[in-house]
Amino acid sequence: MKILVQAEAFDLGAEVDAMRAGRTDIGAIANFVGLARDMNEGSGVAAMTLEHYAGMTEKALAKLVDEANARWTLLDVTVIHRVGRLLPGDPIVLVAVAGQHRGEAFAACEFIMDYLKTQAPFWKKEETSDGERWVEARASDDAAAARWNAS
Amino acid sequence: MTLRILYFARLRERLGMAEETLDFAGATAADLVAHLRARGGAWAEELAAGRAFRVAVNQDIVALDAALPDHAEVAIFPPVTGG
């Protein structure tokens, strides 16, 4: 398991290579990369700054990876989330999940992202032509996380 | 009890404070929120009933009826928006 909160960019290929290096038991690696968009809520976004709660962030990410490990048989998980100022097109978050088969890898990857969206203490502030604004939490993110409890 | 209280994101900006140490006589997170709300102004607005905010005690998100241990690190922040 690898959990990083960092200002620097990450390299998806390098992370996947590191995950499978030296082992032949992995049959599937599912990954997700979230990117900063140039548009949100109908107006252009020139940049965004990600704030986090240092200490709790790492703990919250470890907790949701533990939860994924309790639900599925996983061989490895990497979560990297960036903080600081990001420009449109910049990668924000990476989740990579290795399993024996694709089913658990896909499911755990989606589960980790859905929980990260509602549980990990990060906040986005956008720079728009109308000034700065904090991004509001979405009800659809709460719904996406809640469906894992229903099934 | 003595609490270390942290504020993040929009709350930090609106309250004009990132961190404070507070001597506090209440027992639960709800008591603390009521105490802070009584400061009036932005405190009363941002922590009003019906406003969305989260409380974490020693870095775990808790419900408002959670007890506060002495010397706890309490954080109050808006719903998270990472990912």
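Helices (H or I, at least four residues) and strands (E, at least two) are DSSP runs, numbered from the N terminus. The legends below describe a predicted model.

**Figure 1. Order of elements in chain B.** Read along the sequence, chain B follows the pattern β-α-β-α-α-β-β-β. In total, chain B holds 3 helices and 5 strands.

**Figure 2. Overall dimensions and packing of chain B.** The C-alpha trace of chain B spans about 30 × 30 × 20 Å along its principal axes. The radius of gyration of chain B is 12 Å, in agreement with the value near 12 Å for a compact globule of 83 residues. Of the 83 residues in chain B, 28% are buried. Where chain B has contacts between residues at least 6 apart in sequence, 55% of these contacts join residues at least 24 apart.

**Figure 3. The contact between chain B and chain A.** Chain B gives 14 residues to the contact, and chain A gives 22 residues. On the side of chain B that touches chain A, the elements giving two or more residues are α1 (9-15) and β5 (73-77) of chain B. By residue class, this side of chain B comprises 9 nonpolar, 4 polar and 1 charged.

**Figure 4. Order of elements in chain A.** Chain A has 4 helices and 9 strands. From the N terminus on, these elements run β-α-β-β-β-α-β-β-β-α-β-β-α. Chain A is as compact as a globular protein of its length, because its radius of gyration of 16 Å is close to the 15 Å that the globule rule gives for 151 residues.

**Figure 5. Overall dimensions and packing of chain A.** Along its principal axes, the C-alpha trace of chain A spans about 50 × 35 × 30 Å. Buried residues account for 31% of the 151 residues of chain A. Among the contacts in chain A between residues at least 6 apart in sequence, 78% join residues at least 24 apart.

**Figure 6. Helix α4 of chain A.** Helix α4 of chain A covers residues 139-150, which makes 12 residues. From its first C-alpha to its last, α4 of chain A reaches 16 Å, close to the 16 Å expected at 1.5 Å a residue. A residue counts as buried if 20 or more other C-beta atoms lie within 10 Å of its own. An α-helix has 3.6 residues a turn, so residues three or four places apart point the same way.

Key
Residues numbered from 1 in each chain as written. Chains lettered and ligands numbered in written order. Predicted model: local features only at pLDDT ≥ 70, side-chain atom pairs only at ≥ 80, totals over all residues. Rg over C-alpha atoms; globule rule 2.2 N^0.38 Å. Buried ≥ 20, exposed ≤ 12 C-beta atoms within 10 Å, placed from the backbone. Contact = placed C-beta atoms within 7 Å. Nonpolar A, V, L, I, M, F, W, Y, C, P; charged D, E, K, R; others polar. Expected span 1.5 Å × (residues − 1).
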